[in-house]
Amino acid sequence: MTKLSKVAALAAFLSTGVSAGALHAQTAEVLHWWTSGSEQAALAEVRKVFEASGGEWVDTPIAGGGNARAAAVNRMLGGDPAAVFQFSIGQQLRELADQGLLANVDKVASEENWDQKLPPLIVKAAKYDGDYIAAPINIHGENWMFYNKAALEKAGVDVPKSWNEFVVAAQKLKDAGIIPIGLGGQPWQERIMFNSVLLGVAGREFYAKLYSTLDDDLLDSDTMRKVFETFAALKPFVDEGSPGRNWNEATSMVIKGDAAFQFMGDWAKGEIIAAGIEPGTTVGCAFAPAIDTAYIMTVDAFAFSAMDGEEATPAQAKMAHVMLEPDVQIAFNKKKGSIPARLDVPADSFDSCAQTAIKTLQDEKTHLVSTGLFGVPSAVSGAIDDSISNFWNSTDMSPAEGQAQFHQAISNAK
Amino acid sequence: MPDPAQDVLHYSATPQDAHQKGRRRWRPQWTARMALIPAMAITIFCFYGFIIWTFVISLTRSRLLPVYKFTGFDQYGRLFANERWWTAMQNLAIHGFLFIGGCIVFGYLLAILIDRGVKAEGLFRTVFMLPLSMSFIVTGVIWQWVMNPGLGLQEAVRALGWAGFEFNWIVRPDRSIYTLAIAGIWQQVGLCMALFLAGLRNIDPNIWKAARVDGIPVWRVYLHIITPMMRTVFFTVFILMSAIVMKAFDLVVALTGGGPGFSSDLPARFVVDHILNRQELGLGAAGAFVLLCTVIAVIAPYIYFELQKERSGRGH
């Protein structure tokens, strides 16, 4: 099989060389922002299968999500779109569809019954006007809590199950000379921690309702006040060097045992694996403390430019098909650190953290959206990040003021 | 050194002649005009055209893509209700004042010290000019390390035994904006020094001789005689540094990322962030336009004042 795919890849390579410029029916340019080692390795799994099945892959990596999204849109407007491009699913993608710039992959989706196989929330986000305008390739979880087992043992604390327990444990860790929370002080990381607190204190129903309706009463509620109070109570447990720190530096603090906990998405597993540790062994993973089980999902997806007409070209359809093939889903997601977008893929070859996630997602009630890239309009998402970060870093803002500011920022943005 | 009084005499002696000469200078040959057309077209289209386009977009509800559904001044309303915008504008004022002021004061002092005939002048000039060869991104990264409380200056001094030493401005929301000025001055002070030095070298040595004969102390010569003569150099430095402040983007991105929170954000970063990352084209355009108006409001009177003074100094 691998030999065959190598031959196919070689053939594909040769044909690019020979027929440079000639429009091949199965050629697809793929624009994406996956430039780091693990990301590239993951995408190579998709490429391998796509090329083995006769497609020709033209790779256009652009570093940085914002840059890549801007480039995809600019090229579309300039009349030279990339056939397949990575994009976040949600409001922005629908805006592109609204302008008639996207092709749909309905044929593949209905043949393969995506409606049944993907989580309903993701189905909703990937559709515009009933048509599939994107192929979701994976699910990342954002409410993970990674911890250093040796550090916890040294301070004599267990993995906390509630935020009250967490604060007690954090104090013990601090007394033992360990930084309780390794936090990268950038707005999106602070928001990930805030959303974990929100979910943990207010529960999954409140979380889902809050971010789907952005309702004034919920934003003003006492529950929300409690969330801000709990969040504020975590401030003393972060070290001085936190502001501006990158997430992977915070992860390596946990790996080394300088810090005990990190609240981060499951892409942190990539760092842990790179350090030669199997996730779930000396560095453990658990959901952040919460009153009920839930999984805050963020999704990587690829969309398809309208090349001729509304329907996807054969190459685009093939890409959509390949991306959601069970084998590709497994190979891709093991390298990426995420879990398959399809919930019917066997879980047993994944690490223990991913297995927990896949098992959790079998229950639809646990499905929640991240506010990062796909849950809410990007203007609201940005306003949330800003106001959370402002509250977290302020030395004199009370929880009530933080809550009022949060409410105000969301009202202005929606 | 031409005597300024003579200068005035020369020009005002024949105003008619000067006037006509001026007119003739502004009537170029048609070939020259033709040659200028492309440059003018590019300037008009790319510069003024896009200013107008930005303004038009700021009146629409464009998010990801430009759409021409006009909503009046809604985007400006949203902009002015945005706390982060006001923080950014306030930071621009603080940073602009400290950065321009710092560059002028330190640049001038360094130039004077070198001008006093310091040994190894070439070495000092090179040392002070060297930071200029680095981009703002590199400058930002260097200073981020220096000012990082866990691994930079604070840690180094503490390791020497002064345990209570504190220099953690970069992680303090109320101080982070000052770190921008520190890094910015460090980078640009060399350029200012070179400009001031060139100015000082143009001063007629006879002035120094005259001052020595009159027994005026050196500091008074600098303060009351040399500095007023350097007016045009100050003007040049001010304009150059203002341009750097207004478009300051890379330094803040590399040094603080606008943080902690958005405490060290600047308007240019706000605009880029909203247009590229948040798909808020309309709001970003409104920010850009307000920034432009602010720049014009602050800089234009000064330029007008200086040019007016120059013209009246020559012409009447």
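Student: In this predicted model, where does A:D215 lie in chain A?

Tutor: A:D215 sits in the loop of chain A that runs between α11 (204-213) and α12 (216-220).

Student: Why is A:D215 called partly exposed?

Tutor: The relative accessible area of A:D215 is 30%, and the label covers what falls between the buried range, under 20%, and the exposed range, over 50%, so A:D215 counts as partly exposed.

Student: Which residues form the negative surface patch that includes A:D215?

Tutor: The patch is formed by A:D215 together with A:D216, A:D217 and A:D220, and it is called negative because Asp and Glu count as negative.

Student: What makes the contact between A:D344 and A:R342 a salt bridge?

Tutor: Side chains of opposite charge can pair when their charged atoms come close. The side chains of A:D344 and A:R342 meet at 2.9 Å, N to O, and the cut-off is within 4 Å, so this contact qualifies as a salt bridge.

Student: How do you know whether A:R342 and A:D344 are buried or partly exposed?

Tutor: A:R342 has a relative accessibility of 10%, and because buried means under 20%, A:R342 counts as buried. A:D344, with a relative accessible area of 40%, falls between the cut-offs of 20% and 50%, and is therefore partly exposed.

Student: How do you know that B:R201 forms a salt bridge with B:E121?

Tutor: The closest N and O atoms of B:R201 and B:E121 are 3.3 Å apart, and since a salt bridge needs a distance within 4 Å, the pair meets the definition. B:R201 belongs to helix α9 (residues 176-201) of chain B and B:E121 to helix α6 (residues 121-129) of chain B, so the pair ties together parts that are 80 residues apart in sequence. At 42% relative accessibility, B:R201 is partly exposed.

Student: Which residues are linked with B:D265 and B:R269 in a network of salt bridges?

Tutor: The network links B:D265 and B:R269 with A:D386, B:R84, B:D273 and B:R278. The side chains of B:D265 and B:R269 meet at 2.8 Å, N to O, and both residues are buried. Over all chains, the structure holds 25 salt bridges.

Student: What does UniProt list as "transmembrane region" in chain B, and how much helix do these spans hold?

Tutor: The unreviewed UniProt entry lists several such spans, among them residues 92-114 and 126-146 of chain B. Residues 92-114 are 100% helix and 0% strand, with end C-alpha atoms 32 Å apart, while residues 126-146 are 71% helix and 0% strand, with end C-alpha atoms 22 Å apart.

Conventions. Residues numbered from 1 in each chain as written. Chains lettered and ligands numbered in written order. Predicted model: local features only at pLDDT ≥ 70, side-chain atom pairs only at ≥ 80, totals over all residues. Heavy atoms only, no water. Patch = residues over 30% accessible without salt bridge, like charges linked within 9 Å, V, L, I, M, F, W, Y side chains within 5 Å. Areas by Shrake-Rupley, 256 points an atom, 1.4 Å probe, with all protein chains shown as cover. Charge placed at Lys NZ, Arg CZ, Asp CG, Glu CD. Helix = DSSP H or I, 4+ residues; strand = E, 2+ residues; numbered from the N terminus. Buried < 20%, exposed > 50% of the residue type's maximum accessible area, 1.4 Å probe, protein only. UniProt positions renumbered as here; feature names shortened; annotations may be inferred.
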